[in-house]
Amino acid sequence: MRKLWTSSNAFRGASSLNPNPNSGHAPSGSSPTKESGAASGQSSNGKAWNLEEVVTTKEPPKKKIYIPGNHMKTFKGVTFWLISDCCGLTCAVFTYLLLLYGMFMVNGVMLSPFSSNTLYDVVNFFVFNFLTFMAYAAHIKAMCSDPGVLEVGTATEENIASLNLQPGESAYKCVKCDSLKPARTHHCSVCRRCVRKMDHHCPWINNCVGESNQKYFVLFTFYVAALSLHGGCLCLFTFYQCVIADWGENHHRSSHPRVSVTRESSSTCPSGFSPAVTTVLLAMCAVEAILFFLFTLIMFCTQTSNIMDDSTGIEQLKREDITWEKRSGMRSLRLVFGDPISYRWFSPFHPSNYKYRPNPANFKYSPLYNV
C-alpha cells in the first residue's frame, strides 16, 4: 500500500529534486545531457575515455510490466470467477477426491442395503450424503465467487479530486493495480488483485477469502467438520461390527467346532470385501476423518472468532492499527451470514448481506497522517 495524495496536493514517497538549478548538482536519478558539455580524460591505465560516449551508450533497465489478474470466465452463458493457478486447482481436485472416497466408504462399505437394521442404514445414508452435498456446494461457491476485488485503474485525477480531501487527510492506491484502496483492503500476489476485507488466500478453495465469499468458506469448513465427525463415528462402529464382533466370533467358532455346530452363525458386518481389505479401508478412512475434522474445526473456529471480533487473519498477522469503527459480534455475523437469523445462515445458496457501495469516505485516511 502506498500513500497517493494528500490535501496539500503533493505525492508522498516521491524522490526529492533539488530546487536550486545553480547549485551544481543534478536532481536525484537524472543523468547528464549533451548541453552540460562533453568531458574527456584519461584513466589510470592510460586509456582515453569520453563521458558523452559513456552516458549515451548506457541504457536504463527495463521495468517489468505488472498485469493485474482477470479471472472472470464465461462458459455457455454462465459467468463465474476461477483462478488459473496450478497449485490451487490441484488442491481443489484433491479435496473432491477425498470427499468421494468418504462417500464410497460410507455408502459402499459401512452401510449395507441388505442389512436387517434398515432404519439405521437409511438415516445415516441421508445424513452423510446431505452433509457431503452441502460441503461440495459451499466449496464451489467459495471457489467460483468473486471474493470482493477492486476495479483496476481507479486512481485517476478525477477520482482523487472527487474525494475532497481535507487538511490532514490522505488517500492510498495500489501501485500494482493502480486502484484507490479503501480501508481493510490488501493486494493478493496469487490473484494479482486487491481484495476488500481480505482474510487470506486459501489454496484448498483456489481463491482468496474476502468480503464477498467468506460465508461460503466458513460453511465449507463447518460441513466438512460435521461429515468427518459423522463418518468417523460410523467407521468406529463398523470396525467393531466387522473386526471384533463378527470376524472375532467366527474365528472363535472355527477353533471350537462344537460351539459352531450348536449355535447358528449370523454375520453382522455390512462390508462385502474380505476382512483384510475392509480393515485397510477402514483404517485409511479413520485417518482421513480425524485429519479433516481437526483441520476444518480449527479453521471454522478461527473464522468465526475473527468475524465476531470484526478482524481478519492478515490484519492480525500484520498487527495493523484499528482505524475503522468496529462492529459488535452479532452485527458482524449478520453481515456475513445474513439478516435476520434463519436457515439461510447454513445455506450456501443464499449470499451474505455485504453489498459494496463505493463511498468517498471509505478512501480517506486521516488524522493519523498529518501534512
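Leaving aside residues up to four places away in sequence, Ser311 touches Arg184, Asn306 and Gln316. This is a predicted model. Ser311 lies in the loop between H7 and H8. Asp310 is in that loop too, and Asp310 takes part in a network of salt bridges.

**Ser311**

- Is Ser311 buried or exposed? Ser311 has a relative accessible area of 9%. The cut-off for buried is under 20%, so Ser311 is buried.
- The side chain of Ser311 makes a polar contact with the side chain of Gln316, at 2.9 Å.
- The side chain of Asp309 is also in polar contact with the side chain of Ser311, at 3.3 Å.

**Asp310 and Arg184**

- Side chains of opposite charge can pair when their charged atoms come close.
- Asp310 forms a salt bridge with Arg184, and the closest N and O atoms are 3.0 Å apart.
- This pair links distant parts of the chain, 126 residues apart. Arg184 sits in the loop between strand E7 (179-180) and strand E8 (185-188). Asp310 sits in the loop between helix H7 (275-308) and helix H8 (313-318).
- Arg184 is buried, because its relative accessible area is 12% and the limit is under 20%.
- Asp310 has 0% relative accessibility, so Asp310 counts as buried.

**Asp310 and Lys197**

- Asp310 forms a salt bridge with Lys197, with the closest N and O atoms 3.8 Å apart.
- Here, too, distant parts of the chain are linked, 113 residues apart. Lys197 is in the loop between strand E9 (193-196) and strand E10 (200-202).
- Both Asp310 and Lys197 are buried.

**Asp310 and Arg327**

- Asp310 forms a salt bridge with Arg327, the closest N and O atoms being 3.6 Å apart.
- Arg327 lies in the loop between H8 and helix H9 (329-337), so this pair ties together parts that are 17 residues apart in sequence.
- Arg327 counts as partly exposed, because its relative accessibility is 33%. That value falls between the 20% and 50% cut-offs.

**The network**

- How many salt bridges does the structure hold? There are seven.

**A nonpolar patch**

- Val93, Leu97 and Leu100 make a nonpolar surface patch of about 280 Å².
- Leu97 is found in helix H2, residues 86-110.

Methods
Residues are numbered from 1 along each chain as its sequence is written. This is a predicted model: local features need pLDDT of at least 70, side-chain atom pairs count only at pLDDT 80 or more; totals for chains, interfaces and linings use all residues. Side-chain values use heavy atoms; hydrogens and water are left out. A salt bridge is a side-chain nitrogen of Lys or Arg within 4 Å of a carboxyl oxygen of Asp or Glu. Helices (H or I, at least four residues) and strands (E, at least two) are DSSP runs, numbered from the N terminus. Buried means under 20% relative accessible area, exposed over 50%, partly exposed in between (1.4 Å probe, protein chains only). Patches are made of residues with over 30% relative accessible area and no salt bridge: like charges are joined within 9 Å, nonpolar side chains (Val, Leu, Ile, Met, Phe, Trp, Tyr) within 5 Å. Accessible areas come from the Shrake-Rupley method with a 1.4 Å probe; for residues, only the protein chains shown count as cover. A polar contact is a pair of N or O atoms within 3.5 Å; within protein, one must be able to donate a hydrogen and the other to accept it, and residues adjacent in sequence count only if both atoms are side-chain atoms. Contact means heavy atoms within 4.5 Å.
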